[in-house]
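Here is a short briefing to read alongside the structure you are about to see.

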4 protein chains.
Amino acid sequence: MNEESLKLSEKLVPSNYIHQGIQARQARENTIRQLIQHRKLPECGWDDVTIEMFLQDVAVMDSNNFNGNCGVGEREARIYSSLVYKRHFGLGHGIGRSGDITAVQPKAAGSSLLMKLTNSLALDAIKIAGIKSVEGSFVVPMATGMSLSLCMLTLRQKRKSAKYVIWPRIDQKSCFKSIVTAGFEPVVIENTLDGDELKTNMAAIKEKITLLGADNILCVMTTTSCFAPRIPDSLEEVGLLCKEYDIPHLVNNAYGLQASKCTHLLQQAARVGRVDLFVQSLDKNFMVPVGGSIIAGFDAGLVEEVGKNYPGRASATPSIDLFITLVSMGTTGYKNLLSERKELCKYLTEQLQSCAVIHGERLLQTKHNPISIGMTLSNLDDSIPPTEVGSMLFTRFVSGTRVVAPGKNNTVGGHLFKNFGSHSDVYPFSYLTAAAAIGMTRNDVNLFITRLDKVLTKCKTNKTDSLKTEKIDKS
Amino acid sequence: MNEESLKLSEKLVPSNYIHQGIQARQARENTIRQLIQHRKLPECGWDDVTIEMFLQDVAVMDSNNFNGNCGVGEREARIYSSLVYKRHFGLGHGIGRSGDITAVQPKAAGSSLLMKLTNSLALDAIKIAGIKSVEGSFVVPMATGMSLSLCMLTLRQKRKSAKYVIWPRIDQKSCFKSIVTAGFEPVVIENTLDGDELKTNMAAIKEKITLLGADNILCVMTTTSCFAPRIPDSLEEVGLLCKEYDIPHLVNNAYGLQASKCTHLLQQAARVGRVDLFVQSLDKNFMVPVGGSIIAGFDAGLVEEVGKNYPGRASATPSIDLFITLVSMGTTGYKNLLSERKELCKYLTEQLQSCAVIHGERLLQTKHNPISIGMTLSNLDDSIPPTEVGSMLFTRFVSGTRVVAPGKNNTVGGHLFKNFGSHSDVYPFSYLTAAAAIGMTRNDVNLFITRLDKVLTKCKTNKTDSLKTEKIDKS
Amino acid sequence: MNEESLKLSEKLVPSNYIHQGIQARQARENTIRQLIQHRKLPECGWDDVTIEMFLQDVAVMDSNNFNGNCGVGEREARIYSSLVYKRHFGLGHGIGRSGDITAVQPKAAGSSLLMKLTNSLALDAIKIAGIKSVEGSFVVPMATGMSLSLCMLTLRQKRKSAKYVIWPRIDQKSCFKSIVTAGFEPVVIENTLDGDELKTNMAAIKEKITLLGADNILCVMTTTSCFAPRIPDSLEEVGLLCKEYDIPHLVNNAYGLQASKCTHLLQQAARVGRVDLFVQSLDKNFMVPVGGSIIAGFDAGLVEEVGKNYPGRASATPSIDLFITLVSMGTTGYKNLLSERKELCKYLTEQLQSCAVIHGERLLQTKHNPISIGMTLSNLDDSIPPTEVGSMLFTRFVSGTRVVAPGKNNTVGGHLFKNFGSHSDVYPFSYLTAAAAIGMTRNDVNLFITRLDKVLTKCKTNKTDSLKTEKIDKS
Amino acid sequence: MNEESLKLSEKLVPSNYIHQGIQARQARENTIRQLIQHRKLPECGWDDVTIEMFLQDVAVMDSNNFNGNCGVGEREARIYSSLVYKRHFGLGHGIGRSGDITAVQPKAAGSSLLMKLTNSLALDAIKIAGIKSVEGSFVVPMATGMSLSLCMLTLRQKRKSAKYVIWPRIDQKSCFKSIVTAGFEPVVIENTLDGDELKTNMAAIKEKITLLGADNILCVMTTTSCFAPRIPDSLEEVGLLCKEYDIPHLVNNAYGLQASKCTHLLQQAARVGRVDLFVQSLDKNFMVPVGGSIIAGFDAGLVEEVGKNYPGRASATPSIDLFITLVSMGTTGYKNLLSERKELCKYLTEQLQSCAVIHGERLLQTKHNPISIGMTLSNLDDSIPPTEVGSMLFTRFVSGTRVVAPGKNNTVGGHLFKNFGSHSDVYPFSYLTAAAAIGMTRNDVNLFITRLDKVLTKCKTNKTDSLKTEKIDKS
């Protein structure tokens, strides 16, 4: 309702009541104004009413929602199904233009505004998470792997002769494939075993650089977040090396934004050495559905180039999801989630430790991994393959554990990995991992430990026969 | 977004794009302004976006949606479930105050505004439907029967000694019960058979008035819409009689608003004679869920008194439903629905006529009933009771037919009705009725006729055995 | 998906994954099955997914949602607007039939099932709230006042000559009007002042009964929940009296279900004396939007009669809202809300006490009122009328306080009440009340006390000039 | 509700009513079963109720929606905001696995099933649109340009030495950039002017192939849908050439699926020559929001390889949108849309022709372009640049026209294009284009012509002064 409508309303409802209502409305509009002005997470999270109000404001500014608009182009954001229309809040134009994924669209002022704001909020969230000196970032509706490919494709334009990407091994298919898909040859650096931890082999990297020649190397791609017993790569050392040899440094920060250890590594590596671009998953760090990531960097110009390299428009969905989520959380909410995660990681470690002791196992000592925890599986009944533990947990409604046992080889993108899953050709134990990721609850941990305990009890004595017929018993 | 937000947005999106968006938004706000100003159905219906925008505007003006409000009363419109919250668009305060269902609430400026507007729209719709001289009306969240009771309870306050309600028989329970529930004694007037039609027995009414004494009669309650072969009551004649004897005239206009014959009767009766109040169903006339009605009259003061007589607040749901529906329809849409109904009634009559002929039946000649049509069921196989035809149709997904066969007596509210369902102690035929109500489609008619034809075919030859095992075959 | 669909799905997705999904689905279906079987609140509340799944199951069983159905009746639950359709989950037929609001509808198996279940859940909730021996109850889509009228109209049918309703005064318009609307003459019993408390004058009631004659009295209508300093009526004593004189006893339990003191009174009164029917508000006790109430009693037959007396179908909305809310809460959630309310009432009392002391006021000693608390307003600046305090609080976004100052007379339904609002012709103080109602939060109390403190500070010194221009400052 | 629940329901609602409800439900479940069985568009479109029922069925099969599930992985599809949860129907896991975008996920049986079905429906839709011999396809949550890049990156793996992409010029940035981003050098083939039409210069292509060497050429990338006066490329001839020289043929079928002329070209080219992969936009062909495309081909194995090349999971949103849309349309609805488009194209041509004549202009004769139509802008007032016409139309709420005037050069991805926008260095006229795209209405055409007529009228006489101050006047 505009001023005039409110004035006219006073003929129907006494003006002092209307006035109180207007004041309440203005408070909400003020909240929105502050967001547009400061382009940072609000201190307190917004309620859904304000969010929907804003999304509606935005939607009616897009041409497909203009009353009386007639469209005679080939792309008019007509939406056939009202179910689809509703789930997109009427926003049909996506983000970006054919030239640039961060460009505004004349036909879609609202969508463009939302996209710009979301990119600013993403930048702010990265800072809150600990990477204070980040300079540029944008949300891209592709998951981490494809986004890493896009970064490499952009770097290629400056390093026409480069053929190789140096990559400390991490056994996760999509980051390896991102190199192959981008058309480069991955140079796998085996990790070094240090106690239980698997860490970056700096000597091997240096050796490869010398061997291949810096100009032939597109970039070094390191990883922060990973499954134990691997730990985050030595970003600072790699950063220094990259600086020294003038090689781009691309960081796969998949779910590292949620852990201050990872963000600290990034911040430091950029400060003392070189980090060109780093990519993080939206779903894993911000609790939105799978499908987007943030490409960020310490040089706004380079980040912009990546954006310009995305050919064509793109889905607004990940941006909308992130927008809603970040304004819902607010700074306070987001920080709370981060600190709760840290505490739950401690709690999970303690509980898992107690459970391990009972069953004659032990935790892997991987204190440099801030998210994932490993427990040996060394004392199972002989007839039970360790991986069975994972299946048994899954049928008991525990999702997300990973069991790794030596001996499984795998060919990814034409490259053979020995003991795939363990990040190492030679890791000596079978083990199970669990992770304390953002959004986990204390109840998740408790349920997990109870069910794990039951499964391990079952696996210690000979239960092979009964296994086949067992029914799922949920604790 | 307020002015300031829009201004700030121009830092992110070029001002000419923003400007185009603002213009489109203003067009919507203007639509809303016109509604508040004129309080009549818009010419063209609103789209859902504008409706939701308006409902949101309204909701944030209610105290339960004030950010930072603290409630320390016994009734603060807290809503526990977010599903419930959403379905009510955040509106929790209902309508009315303890003293008056049409009063505004200080805590709920938005809900109050919506209620006032809906009552105005209802009045306008009644006029569009043909009752031009209606003076007052309000939506009440009770179905027709209970609303008729409320009218009678209000009339009582002016006619303390009145005990009787004169009521030309119509075999529908709730209107009869509305009299009993209100505490009055119904004086049933048997209808007169005229050809196939059952019509008001004016002589009997007059006789009863003389017999009982005008002062002892609370009102005469007539009916417009009804199942054939009954036809609408002779409202004009009754109205003249009521005027003459100074007896209130209450009209049950249940689903009569959709038929110009019924509204014309009301308009005429009020012009030449007397009509005090008339009640119509929301669901039957406006295609909203069951639960509300409109109480209207030709004396705004009397209508207001009825509103003041409703003790306490009430559900806003029927008002919200009607609001959404009327602004969705617009004058154009509503008029189209009315004229389509009229055409479909003709079409249904023709189709039914053809079908009757094929099966050796005939249509009842009830041209004064503008909605309901009857067809004899005189040639069924002896082993099949006529009511079986209704069941067979229902299991073939035809809903809404009614089969009436002589011989069924029924006691309602302590009163015995012979041949209940036929509006008459003596109606000579078994018959089936079908109605052309607002919102019906040509496809409804076609499906109905096809299925009726199949059922009648089945009922003409001896099929009793096979009936028991038949499966539903949907055409 | 039916069995066959799931089987076919295994051609697309491995059967063990599908199987896990089926198990999870079955767990939800089992939850639903238990509800239908036991018809009691589930121990743990349902999540929204299960609720929506159930509502959808129910909706597709109503004829208006049958694919291929053709409707040829006058009432086919067609819904014009998709916004309206969605908010009703596709349920359009309402509840009840013309004869009986608790009857099932052939055309609407789903709606009928939902209605029946909701009535059972309501009964269970009443028991959980403390009225263990309740025997019958149903949800009616009318607020408390109109429902009380309906009870009286039902009682009339057994007490044809009764004219009076004996009513211990409580200054709330709708319950008084419920008597007048039902066509009876209220016999107001002034309350007795006992310390700060206003309580039932038993002697006066007895005297009136003798004076008017038991047969001429339709019922005694007592009240449980009320604003301090009035306390709940002496239900037990009244119940005994009603038993002795064979007079129906109707209890207005408006928001009393949330307070064990009130439910205990009802339970006791029914055990030792007589309680025929008691009515409670849905919104005030269950945190749903305004519009419904539960009519309950200790004789299932009588409760059924009330249901049969409602003429016609009715809105399903209050039933749907209550259903969703009760299954969301579960027994655990509902009990928690009840005990939290009790604790918050204590907390509110303490905080208000501290605030009173600071400003030279005192709390009214009304320990028998379990919900509402009064504080004197005896030391305001002379130029400030006590009611100003209420307005000042409202503009500071405190809703729900009530300020009562002697001297305000009011005519309701033709009856003059001296000092209307104070439940008494002679209450000696000005005071402000606040209530600890279900759903209140600790934050509500804190905000209230802070703002009250500011307002009182303002009102103690001469601020009359500044008052006029003050801006709202929200704490 | 499962069988048991329905059985138990018969204690509350008569079994014959329940039975009718069950039958209606089974009809819906049968519809769903047929879809899973046949994996083709249903003949008749589904209503939203069935769609939501199916989506809910699917959602509860994903682990994030399991009641009692505990997640201890790094990716558990937790969703923070309930607004986000709702808009994704609870589906959080996206589609694909790290290795393959078309792989199923153990944690997400429901999402996996939906993805598989959608890919099958997409294949069916392509066939319906006319490309009968298509063998494989999948939906990818990237717009056309990025999808073309992905195709090229996949082709590279088989043609390691290839450096060039031969590309008949089309002036749309993202398809050109798709080549550059993929790391290849575009070889631009200028179009041939034939009458008003711009068509493929076959001789030039052949010459380039010979010059560069077939092995050095990754592929020829042709285009079907395009703005007039360019016409679809000579796919058949190019296909023959590619076959002859053993060069992959990639087709940008951006919005060509909606025009039988384009699909016929594809079908023919594949039959007589060679087409490896073709890519089409979801939003432009199926009226869903921007963000997805379908990658398809005539060799299922190759299409699968492209899917395996996408590194990582991806957004399910475009798949969900397409699923909903295709089952909503059904075969009937989709075919109707296609034929309506064809008719409207004729209508638009006629109307534009009449308008052109009035203003002394003429239509470009481009009968081989089935979607886009051009009209000269040769007689404007000298002071008005032709592009002004586009702006004027846009401010009059006509979106989608394009005005091309000679003289605008543009550098895209490092390559200079003369007269960018006209697909040709030498096109002789200024002109305006309009397109008849799927979903357009007759009203769109009428509004467009009316407004165009006004604008042209304005531009014929000297209006430069008034232009600056004009207000938008919407017809």
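A salt bridge, as counted here, is a side-chain nitrogen of Lys or Arg within 4 Å of a carboxyl oxygen of Asp or Glu. With that rule, chain A and chain D share four salt bridges, and the count between chain B and chain C is four as well.

This is a predicted model, in which local features need pLDDT of at least 70 and side-chain atom pairs count only at pLDDT 80 or more, while totals for chains, interfaces and linings use all residues. Residues are numbered from 1 along each chain as its sequence is written, chains are lettered from A and ligands numbered from 1 in the order in which they are written, and side-chain values use heavy atoms, with hydrogens and water left out.

**Chain A with chain D**

- The contact (heavy atoms within 4.5 Å) draws 96 residues from chain A and 96 residues from chain D.
- About 7,800 Å² is buried between these two chains, with carbon and sulfur atoms giving 62%; buried area is the accessible area (1.4 Å probe) that two parts lose on being put together, summed over both.
- Val72(A), Tyr80(A) and Arg87(A) provide 11% of the area that chain A buries against chain D, more than any other three residues.
- Arg87(A) also forms a salt bridge with Asp321(D), where the closest N and O atoms are 2.5 Å apart.
- Helix H13 (residues 317-358) of chain A gives the largest share of the side of chain A that touches chain D, namely eight residues. Helices (H or I, at least four residues) and strands (E, at least two) are DSSP runs, numbered from the N terminus.
- By class, that side of chain A has 44 nonpolar, 33 polar and 19 charged residues. Here Ala, Val, Leu, Ile, Met, Phe, Trp, Tyr, Cys and Pro count as nonpolar, Asp, Glu, Lys and Arg as charged, and the others, Gly among them, as polar.

**Chain B with chain C**

- Chain B and chain C each bring 96 residues to their contact, and they bury about 7,800 Å² between them, 62% of it on carbon and sulfur atoms.
- Asp321(B) forms a salt bridge with Arg87(C), with the closest N and O atoms 2.6 Å apart.
- Polar contacts join 42 residue pairs between chain B and chain C, both residues at pLDDT 80 or more.
- On the side of chain B that touches chain C, the largest share is eight residues from helix H13 (residues 317-358) of chain B.
- The residues of that side divide into 44 nonpolar, 33 polar and 19 charged.

- Look for Asp233(B) in the loop between strand E7 (217-223) and helix H9 (235-245) of chain B.
- Asp233(B) is buried, at a relative accessible area of 1%; buried means under 20%, exposed over 50%, and partly exposed in between (1.4 Å probe, protein chains only).
- Its side chain makes a polar contact with the side chain of Thr200(B) at 2.7 Å, and a polar atom of that Asp233(B) side chain lies 2.9 Å from the backbone nitrogen of Thr223(B).
- Not counting residues up to four places away in sequence, Asp233(B) touches Pro168(B), Thr200(B), Thr222(B), Thr223(B) and Leu265(B).
- Pro229(B) lies in the loop between E7 and H9 of chain B, and the peptide bond from Ala228(B) to Pro229(B) is cis, with omega near 10 degrees.

**Backbone details worth a look**

- Arg39(B) has a positive phi near 55 degrees and sits in the loop between helix H2 (15-38) and helix H3 (48-59) of chain B.
- Arg39(B) is partly exposed, with a relative accessible area of 26%.
- His423(C) has a positive phi near 60 degrees, and is buried at a relative accessible area of 0%.

Terms used:
A polar contact is a pair of N or O atoms within 3.5 Å; within protein, one must be able to donate a hydrogen and the other to accept it, and residues adjacent in sequence count only if both atoms are side-chain atoms.
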